[in-house]
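Reader: Could you walk me through how some of the terms for this model are applied? I would like to see each value set against its cut-off.

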Amino acid sequence: MSSVLPPTYDRVGRHGLSPDVTHDETARFNFLTNLNVHIGQKIFPGTKLAFESRVAPAFDKAHGRALRDQCEVRDAMKCDPLYQFWAATRRSTMEMRQQSGRHVVLRQLGKMSAKAAALNAGKNTLVLDPRVTPPDYLAQVDNHWMPGSYYSEATPGDVLSGAAYEAGLFVTTAGSMSARGDGAGRALVRYLAEKFPDFKPRRILDLGAGVGVNTLPIVQAFPDAEVVAVDAAAPTLRYAHARSQAMGYGNVQFIQASADDLPFPANSFDWIQTTMFWHETSVATVRAGLKKIHEMLRPGGLTLHIEQPNFAADTPLWDRFTRDWDAWFNNEPFWRKLHMMNVFDEMAAAGFGRDRLFDGATEADIEPGMYQDWASTLSRHKPELKRADDAANDGARKGEFWYLFGAWK
Ligand SMILES: C[S@@+](CC[C@H](N)C(=O)[O-])C[C@H]1O[C@@H](n2cnc3c(N)ncnc32)[C@H](O)[C@@H]1O
């Protein structure tokens with residue numbers, strides 16, 4: 001790990017719908033990004049040392065046995081001062097990221113929403129459906145401390161949620177998802193080109209597409225395909241569609257629908273993608289969604305999912321604790337349950353043949369000058385990723401980052 005500082009906020013890839021960002025706002029984003037990187041690179045490794053050298057031995061001594069699970073680790077670590085410092089600061093940087101992104105957008109919301117409305121006007125590529133109500137896990141949770149999550153508005157018809165999400169993303173990723181935050185989509189396209197070069201999908205669905213950052217590399221890579229991006233949140237979709245129009249991508253349709261009730265017939269897509277989506281849903285949505293994906297795929301079609309890997313039998317206790325941390329302290333309630341599921345069993349139950357399932361890993365695709373080093377610290381699932389990566393790439397990759405699982409129908 002190098003100690004090179006992260007790139008500055010002025011490296012964020014701007015587009016026609018980007019908010020104006022003042023000197024002071026830029027300085028705030030830079031401060032938060034550097035604080036985030038500092039506690040991740042310099043303080044977080046110390047918490048593991050604290051666990052191994054004082055917290056776990058003290059627990060052994062007091063209880064006459066070793067720690068059994070990550071809940072016990074969480075409770076034991078709560079009393080450790082270095083851990084308290086790291087955890088409180090990490091949570092605060094996330095809260096400040098959300099507030100800072102929101103602040104930048106709120107002070108120019110009218111102008112941004114009007115610009116988006118002009119870009120969206122008269123386009124049949126944006127289909128909003130007021131009958132779609134956000135599922136409880138969106139309506140009742142401020143996901144990763146984002147006030148109002150992805151769906152709420154400050155004024156009717158605005159773009160607040162989507163715009164604030166994109167404005168603050170850089171604080172968390174420190175540029176390691178590339179200038180436009182689309183590193184996962186780019187990695188996905190590269191993975192397909194390397195693994196399945198003959199795969200030429202004609203109709204593609206990106207489910208839970210958010211502001212579309214990772215949809216657009218797919219649109220770019222498959223210019224002749226019809227791409228449909230679905231999300232449950234209208235303000236996010238308004239922003240996503242206007243953003244794609246501002247960037248010159250006309251050939252992608254944004255549709256408001258919930259994964260629990262998708263309005264597409266059987267055999268209607270060649271490729272169905274989700275990227276960092278399932279961990280913000282629920283067991284019921286994973287099950288219903290995978291079943292529907294199996295139904296919507298054409299025979300010979302592919303489904304791929306970039307997601308947190310499940311725990312493996314040999315995932316170390318410390319890694320289980322640090323990976324579940326977000327469920328307890330970062331408002332990601334389903335994060336922990338997803339770790340404990342077995343997505344292969346779920347895919348099989350949804351109708352996919354066991355012999356058609358696979359998993360793997362792919363490197364983040366980041367342009368030069370951005371922050372490769374941070375990419376490898378963003379995901380805290382090294383053991384599982386390493387195994388999947390070795391299996392998929394004979395251990396050849398160095399900067400492994402994205403875990404994915406999938407199946408052919
Ligand atoms: C973490 S974001 C991921 C966005 C995007 N895939 C990306 O790579 O940036 C999760 C998205 O899923 C959407 N979402 C959550 N539950 C949903 C559901 N049941 N149906 C459709 N979208 C949903 C949220 O509104 C949010 O935009």
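Reader: What space lies in the largest cavity?

Author: About 100 Å³ of space lies in the largest cavity. This is a predicted model, where local features need pLDDT of at least 70 and side-chain atom pairs count only at pLDDT 80 or more, while totals for chains, interfaces and linings use all residues. Residues are numbered from 1 along each chain as its sequence is written, and side-chain values use heavy atoms, leaving out hydrogens and water.

Reader: What makes a space a cavity here?

Author: On a 1 Å grid over the protein atoms alone, a cavity is a set of points where a 1.4 Å probe fits but cannot get out, whereas a pocket is an open set with protein on both sides within 12 Å along at least five of seven lines; lining residues have an atom within 4 Å of a point. There are 2 cavities of 30 Å³ or more. The largest cavity is lined by 14 residues, with Val12, Glu166, Ala179, Arg180 and Gly181 closest to its centre.

Reader: Which residues line the second largest cavity?

Author: Its lining consists of Gln98, Arg102, Met146, Pro147, Ser149, Ser152, Leu160, Ser161 and Ala164, around a volume of about 40 Å³. Helix H3 (81-106) and helix H6 (160-173) each give two or more residues to that lining, and H6 gives the most, with 3 residues.

Reader: And the second largest pocket: which residues lie nearest its centre?

Author: Asp129, Val132, Ala257, Ser258 and Asp261 lie nearest, out of 14 lining residues. The second largest pocket has a volume of about 240 Å³.

Reader: Why is the contact between Asp75 and Arg74 called a salt bridge?

Author: A salt bridge needs a side-chain nitrogen of Lys or Arg within 4 Å of a carboxyl oxygen of Asp or Glu. The N to O distance for Asp75 and Arg74 is 3.2 Å, so the pair qualifies. These two residues and Lys78 are linked in a network of salt bridges, and the whole structure holds 19 salt bridges.

Reader: Why does Arg74 count as buried, and Asp75 as partly exposed?

Author: Buried means under 20% relative accessible area and exposed over 50%, with partly exposed in between (1.4 Å probe, protein chains only). Arg74 has 17%, so it counts as buried, while Asp75, at 40%, is partly exposed.

Reader: What makes Arg74 sit over the ring of Trp328?

Author: The rule asks for NZ of Lys or CZ of Arg within 6 Å of the ring centre and within 35 degrees of the ring normal. The charged end of Arg74 is 4.4 Å from the ring centre of Trp328. Arg97 likewise lies over the face of Tyr165, at 5.6 Å. Trp328 also belongs to a cluster linked by ring pairs, among whose members are Phe44, Tyr83 and Trp318.

Reader: Which parts of the chain does the salt bridge of Asp270 and Arg202 link?

Author: The two side chains meet at 3.7 Å, N to O. This pair links distant parts of the chain: Asp270 is in strand S5 (residues 269-275) and Arg202 in the loop between helix H7 (183-195) and strand S2 (203-207), 68 residues apart. Asp270, at 9%, is buried, whereas Arg202, at 56%, is exposed.

Reader: How do you know that Glu226 and Arg203 form a salt bridge?

Author: Their closest N and O atoms are 3.0 Å apart. Glu226 lies in strand S3 (residues 226-231) and Arg203 in strand S2, so the pair ties together parts that are 23 residues apart in sequence. Arg203 is buried at 18%, and Glu226 is partly exposed at 42%.

Methods: Helix = DSSP H or I, 4+ residues; strand = E, 2+ residues; numbered from the N terminus. Phe/Tyr/Trp six-rings, centres within 6.5 Å; stacked < 30°, edge-to-face > 60°. Points joined across faces, edges and corners; volume = space filled by probe spheres on them.
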